[in-house]
Amino acid sequence: MTRFIVVPQWQGSPAARAMLLVDGAEAIAGDLPRSACTSVEVPQEAGDALGTGVRRLSAVLSTAEATRAALEQHADEQVVLVGGDCSVGLAGIAAALAQHPDLAVVWCDAHGDLHTPETSPSGAAGGMALRAAIGHGEAQLALSPAVPVERIVVVGARDLEDAESDFAAEAGLRMLPAEALDDAEVLAEAVAATGASAVYVHLDLDVLDPSAMGGITSAVPFGADPAQLVAALARLRARVPLVGATIAGFAPSSPAAAVDDLGAILRLVGAVA
């Protein structure tokens, strides 16, 4: 059975409406089996940078510690983390990597999340999450061991800042545009080419086209179609075992607006659970 660990963290988001991520995580959890859900307590305060270039780092670290404890408690189950901002996924990736040292990570996101404190205009942990998974940036966030660049596949990124684009090009990061999902086999082929024996999937809902997903903090046009993404994930799972996932970035403006998006979200939950 899949265990859903609900992490309604907002402190890692750069968005002005970041606190709506709390409502989004709780809205998704409300449509999941109650017995399969475990909630992580997130600090109420914004948090402190702790002398680093990462805003609200103290709150992010506190939540990460609580998430790790929940993951350890459910180590014998497949886990889907339900966020919250993108940085909640780091604990899930670290747990999967400990069990599968040759883990691949599929990072589905409209943005790169490839900043370090030195390049980030916002100082938000969420905007550094993928770079931290690679082992770079603020030491208290960066994974060690980390996921090598050659075992990462980025899907649907279309709003990268210059520093992120430069890093992606220099590092040779695999980047699949949203339109690549027109062929359901492309994602599976890209992951299989890494040689990984297991895969972790991170889904920031802004990877979807705004016409299909309204409750996101930073809409970017020309995103993925939900049905095509679900089909691509199904083909991926047929090729490489999926050992964990994160669904993040849901920030509905109201309960009524949340209902409009939950159909697509639950199809994605089904694709990774």
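**Figure 1. Strand β1 sits largely enclosed by the rest of the structure, because six of its six residues are buried.** This strand covers residues 2-7 of a predicted model. In a regular strand the side chains alternate between the two faces of the sheet. Here Thr2, Phe4 and Val6 point one way, while Arg3, Ile5 and Val7 point the other way. Whichever way they point, all of these residues are buried.

**Figure 2. Two parallel partners pair with strand β1, namely β3 and β2.** Let us start with β3, which is made of residues 78-83 and is joined to β1 by six bridges. To find your place in this pairing, look for Val7, which stands opposite Gly83 in β3. The link between β1 and β2 (residues 37-39) consists of three bridges. Here a handy landmark is Ile5, standing opposite Thr38 in β2.

**Figure 3. Two cis peptide bonds are shown here, one between Gly83 and Gly84 and one between Ser144 and Pro145.** Most residues other than glycine have a negative phi, and most peptide bonds are trans. The bond from Gly83 to Gly84 has an omega of about 15°. Gly83 is the residue of β3 that faces Val7, and Gly84 belongs to the loop between β3 and α3 (89-99). For the bond joining Ser144 and Pro145, omega is about 0°. You will find Pro145 in the loop between α4 (129-133) and β5 (152-155).

**Figure 4. Leu50 and Arg56 are found in the loop between β2 and α2.** Helix α2 spans residues 57-73. Leu50 has a positive phi, near 55°, although Leu50 is a residue other than glycine. Arg56 also has a positive phi, of about 60°, and is not a glycine either. Is Arg56 buried or exposed? Arg56 counts as buried, because its relative accessibility is 17% and the cut-off for buried is under 20%. Leu50, with a relative accessible area of 43%, is partly exposed.

Figure 5. Buried residues make up 56% of the chain. Among contacts with a separation of 6 or more, 74% are between residues 24 or more positions apart. As for charge, there are 14 positive and 34 negative side chains, and the centres of the two sets lie 5 Å apart.

Key:
Residues numbered from 1 in each chain as written. Predicted model: local features only at pLDDT ≥ 70, side-chain atom pairs only at ≥ 80, totals over all residues. Heavy atoms only, no water. Buried < 20%, exposed > 50% of the residue type's maximum accessible area, 1.4 Å probe, protein only. Contact = heavy atoms within 4.5 Å. Lys, Arg positive; Asp, Glu negative; His and termini not counted. Charge placed at Lys NZ, Arg CZ, Asp CG, Glu CD. Helix = DSSP H or I, 4+ residues; strand = E, 2+ residues; numbered from the N terminus. Pairing = 2+ DSSP bridges.
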